[in-house]
Amino acid sequence: KEEVDRVPYRTWAAQGLIEPTPGRAIDKVYIANRLAEVAARFDLQGIAYDRHLMPELILILDRMGVRLPLVPWGQGYVSMAPAIDQFETAMLSRKLQHGGHPILRWNASNAVFSMDPAGNRKLNKERSRDKIDGLVALVMAVGLSARHEGPAEVDPVAIWM
């Protein structure tokens with residue numbers, strides 16, 4: 001996959017920037033176990049997720065008895081436009097800093113926005129050459145944080161742990 005994507009996944013893994021699942025395919029049981037560990041370590045208030053391909057992981061979590069504050073998050077203008085606005089505000093006001101995280105920088109360099117006639121924006125995966133998943137996850141996390149009452153404090157360490 002590293003050669004196909006032309007991205008240093010092994011280096012990022014060795015640096016602790018990503019945590020690949022063991023084996024040649026995505027291991028959803030491993031992911032469920034890892035999510036359970038994260039939930040035991042942190043006081044998770046919500047985990048926004050893209051509904052696409054999530055039902056299988058939700059079933060695995062249910063079978064394991066793992067209860068997480070999962071929040072389905074659409075990828076269209078209705079959900080993403082306010083999240084992108086909140087993300088932009090947090091970034092420009094310096095409440096959100098990624099510390100030069102190489103994967104987020106790569107994702108951001110690949111990002112393409114679509115805009116509807118009303119000026120609402122969303123990240124567009126179909127028009128992006130390479131991966132933008134980390135940026136999408138961060139935008140969803142900031143958007144979810146903004147939905148809760150009180151000051152929106154975003155901890156990028158928790159997002160990129």
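The structure is a predicted model. The count of salt bridges comes to eight.

**Within helix α3**
- Arg34 and Glu37 form a salt bridge, with 3.3 Å between the closest N and O atoms.
- Both residues of the Arg34–Glu37 pair belong to helix α3 (residues 28-41), where they sit three residues apart, about one turn of the helix.
- Arg34 has a relative accessible area of 26% and is partly exposed; Glu37 is also partly exposed, at 47%.

**Asp62 and Arg67**
- A salt bridge connects Asp62 to Arg67, and the closest N and O atoms are 3.4 Å apart.
- Asp62 is partly exposed, with a relative accessible area of 43%, while Arg67 is exposed, at 61%.
- Arg67 counts as exposed because its relative accessible area of 61% is over the 50% cut-off.

**Between strand β4 and helix α5**
- Arg121 forms a salt bridge with Glu88, the closest N and O atoms lying 3.2 Å apart.
- This pair links distant parts of the chain: Arg121 is in strand β4 (residues 121-123) and Glu88 is in helix α5 (residues 77-92), 33 residues apart.
- Arg121 is buried because its relative accessible area of 17% is under the 20% cut-off.
- Glu88, by contrast, is partly exposed, with 32% relative accessibility.

Methods. Residues numbered from 1 in each chain as written. Predicted model: local features only at pLDDT ≥ 70, side-chain atom pairs only at ≥ 80, totals over all residues. Heavy atoms only, no water. Salt bridge = Lys/Arg side-chain N within 4 Å of Asp/Glu carboxyl O. Helix = DSSP H or I, 4+ residues; strand = E, 2+ residues; numbered from the N terminus. Buried < 20%, exposed > 50% of the residue type's maximum accessible area, 1.4 Å probe, protein only.
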